[in-house]
Structure formats: structure tokens, C-alpha cells
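Subject: Structure handover

Dear colleague,

Please find below the structure that I am handing over to you.

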Amino acid sequence: MKLVVIMFVLLLTAYKLLLDYLDYRNLNAQIPENVRDIYDAETYAKRNNYEVESTKLSLVEYLIGLPISILVLTFNVHSRLFDYFGRFTDNVYFKTFFMLGTLMVLFGVLVDTIFDWYDTFVIEEKYGFNKTTRKTFIADSVKHFVFVRCLIFGGGLALFMHLYFHFGNQVFWIFFFVTAAFILIMAFLNHFFSKMFNKFAPLEDSPLKDRILSLAAETMYPIKRILVMDGSKRSTRLNAYFTGFGKNKTIVLFDTLIEKMDEDEVAAVLAHEIGHAKYRHTLKGLPISIFVVALLLFAAQFIVARDSISLAFGFDELNIAFGLNISLVISSPLLLLINLPLSALMRKFERDADAYAAKYAGADNLVSALKKLARENYAGLTPHPMVVKLTHSHPTISQRVEHLSSLKISSLENS
Ligand SMILES: [Zn+2]
């Protein structure tokens, strides 16, 4: 049993390394004709060097993380910690939290933060990609630790354990409904969470505002407010999103987007987002996410409650928190498998939204906006086709430009 679990850990790491390697190997592939104007030779070389350095960093992370995971599993560190904390308390919740908390802080938080720090302030800094200050980085890390790791993970685990002790395997049904509700709420609370990290101000009266309002009128997409978010506090990335219901919709533009793009380009980006909304892509994505959760929980059901797993790793009896941990490892190949059709669907959504934007804001405007986005985000021009198929939620920039050009040609033929 132990060997099987360790094999899964090894296979997963091998898979991630393979994806990194494929992209790395494709870095020097020929740039597609239609995206050659995105970078000049010097910038492109710099961009690729940046990716090589990032890849090396994540390789180091694997080289450190993999042996640690294997040692922790081989030497039953989980159950040893559990027994150790058993000297101070009989409470199974406390013992479990100290066990997982110790490992999480030592290997998760500490190692992750160190690598993140190096990536942000050494590598990204060197290439002029970073805008985060050390203060913002620390504040974000603390917020993430408190809200995500402690409150959401910790609280979720406590709830899971509590329900499991009462309802046994039926807990998976309860958890399914809770998670489904959570996914639905999250879809609508994205803006609420952004507010925790960013500041917002209304867009001032300007030609851009008029342009956006006329686009909204033309596409019959009611907008109540247009806000500008201080995205530049963290990075140079450009973005925009919509939030709210019915006639109370709000557009949020990153300040970087307004700074770097002209009115036509901003309108094209927004038309793309309106396309997503008109085709109800978020709404269509929800049942899919919920189905994925159901599938994972169904798989987890067979793993979590198996006491042979806990026993193999030194526990005296079934430890469901540990079982849950292991089930995440064992079921992740399943997740990768599901990801294949799912990411294909996401890429189709992107193509449809692009076509919508081309209709209402002009294909050329979207092409120039996408190229600016790619340049500002330091996007790669030659990702490996296999990696795109397996993991990308967006078509490559070259594929999108090609698609938009073909739309322009067919609309000319029709008129
Ligand atoms: Zn999109």
C-alpha cells in the first residue's frame, strides 16, 4: 500500500516535469508568422531567458519537494507527529491539526514562500516584470495563510471530520452539496474577494467611458458602474472582469489596462468579456465544476475510509484526515484526465467570445489588444502543442489571431 502511494507521488511529479520539459524544449521553435510582431528579437530573447530561469527554479523546487514528500511518507512522519501530540492532548481534532499544521508550515508555507519570494524579487525583478513591494507580498502571504489555509482548509477539515464521525460515508453526500453551494457562491463572490486585496475607484468621465457605454448599449448589456482597480500594485498584468446581477452589473478595469491600451482595444477586451456573459459561459461552467467535484468525492469515498492505508503508514486505526490527504494524491491523475476535455471546452468558449468581440468591436482591435496583452504579460509564443491540449484554458495567441483573421475574411465574403 505504501509503495502504491509513493508511486503515485512519483508519477505525478514526473508528469509535471514532462510538461515543463516539453515547453522548455519548444522555446526555440520557430515563431508563427502572425505573431512575429509581438516582440522585437531582444525582448523575446529576454522573455525566453526569464522562462528558462523560472523553469530552473521550479525544477529546484521539485528536487527539494519530492525527496521530502517521499521521506515523510516512508518514515511515517504523519503518524509519528500524531502520536507525539497525543502526549499533550486526547482531542483528535487538535492532534490532527497539529500534525497537518506542522507539516504544512514547515514544508508548505515556508518552502512555498521562500520560492515565491525568490521568483518575485529576484527573477521577476531582474526582468522588470515585478511590481509588488515587499510589504504587499508579506501582507498578501499573511492574508492567504489566515483566510485560505487556516479558515477555509482548517475549517473545512474540522467540519469534514465532525460530520464523518457522525454520518460515516454519507458525509460525501453532505460534502457534495456543501461544495456545490460553495462553487455557486464563489462564482458570484469573486469581486468580494478582490475587494479584500485591492482598491477601487469609479472611472472618470472620458471618451473611454463614452465608448464603453455605447458598446454596452449596442450589445444590450446593462451596466450600472465602471470601476478602476489598482492592479498595478501587484504586477503589470492587464485584465478586466464583470460582476453583479441583472441591471446592477459592474465592470472592473485594471488601471494597467487603461494605461496601456487605447479606447478601441479596451472596448474589444470588454466585448470579449460581454461575449462570455452573453453565451453564459460561467453559468455553463458551473455544472461541469460540480460534476468534477462529484466524481472526485466518489473516488475519495473508496480511499478515505480504507483503514489499510492509515495502518500502512503507522496509525493505530483509521485516520480520516490522513486518508483524505492520500486520496488527494491518488485521485489527482483522475483530475488530470478530466482536465483534457474540460480545457478543450474552455478553449472553445474563448474562441466564441473572440468571435463575439470581433462582431461588436472589430477583429483588428481585438488582435491588437491581444498582442499588447501577450507582450505585457510576457506570454510565450511557442508553447508545446501537447501542453496546450492538456492544460491551457486559452488557445495560443497565434491560434487566436488566426481565428480572428479568418472571421474577418468570411465577413468580407458575406458583405
Ligand atoms: Zn475569455
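Which strands does H9 lie across, and at about what angle does H9 run to E3? In this predicted model, H9 lies across E3 and E4, and its direction makes an angle of about 45 degrees with E3.

The sheet

E3 and E4 belong to an open sheet of 4 strands, ordered E1-E2-E4-E3, in which the pairing is mixed. Strand E1 (200-202) and strand E3 (240-243) form the edges, each pairing on one side only. From one strand to the next, the twist averages 30 degrees.

Strand E4 (residues 250-254) is paired with E3 in the antiparallel sense, over 4 bridges. Within this pair, phenylalanine 242 stands opposite isoleucine 251, and threonine 243 stands opposite threonine 250. The two strands form a hairpin with 6 residues between them, and glycine 244 in the turn has a positive phi of about 95 degrees. E4 is also joined to strand E2 (residues 225-229), by 5 bridges, and here the strands run parallel. Valine 228 stands opposite leucine 253 of E4.

E4 is mostly covered, with 5 of its 5 residues buried. Thr250, Val252 and Phe254 are buried on one side, and Ile251 and Leu253 are buried on the other.

Distant parts of the chain are linked here: histidine 272 is in helix H9 (residues 263-278) and glutamate 350 is in helix H12 (residues 320-361), 78 residues apart. Histidine 272 and glutamate 350 are both buried.

Serine 79

Helix H3 (residues 77-85) contains serine 79. This residue counts as buried because its relative accessibility is 2%, the cut-off being under 20%. A polar atom of the serine 79 side chain lies 2.8 Å from the backbone oxygen of phenylalanine 313. Leaving aside residues up to four places away in sequence, serine 79 touches Phe313, Gly314 and Phe315.

Kind regards

Notes
Residues are numbered from 1 along each chain as its sequence is written. This is a predicted model: local features need pLDDT of at least 70, side-chain atom pairs count only at pLDDT 80 or more; totals for chains, interfaces and linings use all residues. Side-chain values use heavy atoms; hydrogens and water are left out. Buried means under 20% relative accessible area, exposed over 50%, partly exposed in between (1.4 Å probe, protein chains only). A polar contact is a pair of N or O atoms within 3.5 Å; within protein, one must be able to donate a hydrogen and the other to accept it, and residues adjacent in sequence count only if both atoms are side-chain atoms. Contact means heavy atoms within 4.5 Å. Two strands pair if DSSP finds at least two bridges between them. Axes are lines fitted to C-alpha atoms, for helices over the stretch in contact, and angles run from 0 to 180 degrees between N-to-C directions.
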